[in-house]
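Please examine the sequence and the structure shown below.

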Amino acid sequence: MNRKVVLASHPEGAVAPEHFRIVEEAAPTPGEGEVLVRNEWLSLDPYMRGRMSTAKSYVKGVDVGEVMVGQTVGEVVESKDASLKAGDKVLTSLGWQSMGVAKASELNKVDASRVPASYYLGILGMPGLTAWFGLHEIGQPKQGDTLVVSAASGAVGSVVGQLGKIAGCRVVGIAGGKAKCDYVLNELGFDAVVDYKAGKFEEDLRTAVPKGVDIYFDNVGGPILDAMLGRMRLFSRIIVCGLISEYDAKEPYGYKKLRSILVNRIKMQGMIVFDWKDRYGEGIKGLAGHLAAGRLKYRESVIEGLENAPRGLMGLLKGENFGKQLVKL
Ligand SMILES: NC(=O)c1ccc[n+]([C@@H]2O[C@H](COP(=O)([O-])OP(=O)(O)OC[C@H]3O[C@@H](n4cnc5c(N)ncnc54)[C@H](OP(=O)(O)O)[C@@H]3O)[C@@H](O)[C@H]2O)c1
């Protein structure tokens, strides 16, 4: 049998268990050119909140009754294509289900001999590539630049900050709570960290970046982005990667400091990782090289069981994850 999580209704405001439904059905059988994959790891990502919405976005959303979208890493159990054989580990877009049939030509085989297969959903996958291309292509880091990144302990933010250190920047993280801030400072080796939940964010930010900021990698939007606009230097860059503080909100946040973009000639650019899909190989090679050399640290936050995926996504949107959020299937 195949178990899958489908969208039961579109949320307005916070995501809740009633927005999901578990369905069981007969296991599918592959046709010519296809393979049957048993999923082992499901990636949970903030973009999934957007796909549950009816609002227009950069990709079509999930309809009610459809399986929730998502990337998985799994094992081929039956192959009707010469390019893959039973036992191969593959990266798929099969979504929130225990197994599924996919065209062999649409799957990427992953090498799980040197790193755990789950890394291809995190540091060597979409989040790592977002950090790689967003920072290097839009941020254009230079030796001595001050780089600030929000959601700094997370899948994207932790890689951005460490790549910033490799590029010779002074790196400041923004994260919520002592445990995450200690990790960012002591384990990831950032130069400073600001706990935005400590009650005096603007003051602590000023202390952490007294001379202003050359690059802000924004993962959160909302009041943190507004405060950051007030700290940017002349000809600085802002990478708008994610607005997680607004994903559950019914109204968009009202920004007050947009004047800074004009006065400081800030270059502010939105990014979507798949704009660089033709160059993913280059990004993975770069990330894998730093990982192998011990220059990148990485942390996962794992919950067990497909039935707990809704709870995992709800927690991720509230910051309950500590590192890349995965579901072990
Ligand atoms: N544009 C792209 O192509 C692309 C690709 C991947 C990801 N993204 C975006 O990048 C961001 C990070 O994604 P990720 O996968 O790396 O997730 P993540 O950072 O591993 O997890 C999300 C983190 O966001 C923080 N957060 C949640 N609510 C917040 C709030 N109201 N204010 C401030 N921080 C809040 C929490 O950390 P704290 O506990 O520290 O608050 C939480 O742990 C998301 O906005 C996501 O949509 C964009």
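A polar contact is a pair of N or O atoms within 3.5 Å. In this predicted model, a polar side-chain atom of Y196 lies 2.4 Å from an oxygen atom of the ligand, so the pair falls within the cut-off of 3.5 Å. The side chain of K180 places an N or O atom 2.6 Å from a ligand oxygen, and for the side chain of Y247 the corresponding distance to an oxygen atom of the ligand is 2.7 Å. The protein covers 91% of the 910 Å² of accessible area that the ligand has on its own.

The loop that runs between β8 (146–150) and α3 contains A151. The phi angle of A151 is near 50 degrees, a positive value in a residue other than glycine. Most residues other than glycine have a negative phi. With a relative accessible area of 34%, A151 is partly exposed.

A positive phi is also found at F235, where the angle is near 55 degrees, and this residue too is not glycine. F235 is located in strand β12, which spans residues 232–240. Is F235 buried or exposed? F235 counts as exposed, because its relative accessibility is 52% and the threshold for exposed residues is over 50%.

How values were computed
Residues are numbered from 1 along each chain as its sequence is written. This is a predicted model: local features need pLDDT of at least 70, side-chain atom pairs count only at pLDDT 80 or more; totals for chains, interfaces and linings use all residues. Side-chain values use heavy atoms; hydrogens and water are left out. A polar contact is a pair of N or O atoms within 3.5 Å; within protein, one must be able to donate a hydrogen and the other to accept it, and residues adjacent in sequence count only if both atoms are side-chain atoms. Accessible areas come from the Shrake-Rupley method with a 1.4 Å probe; for residues, only the protein chains shown count as cover. Helices (H or I, at least four residues) and strands (E, at least two) are DSSP runs, numbered from the N terminus. Buried means under 20% relative accessible area, exposed over 50%, partly exposed in between (1.4 Å probe, protein chains only).
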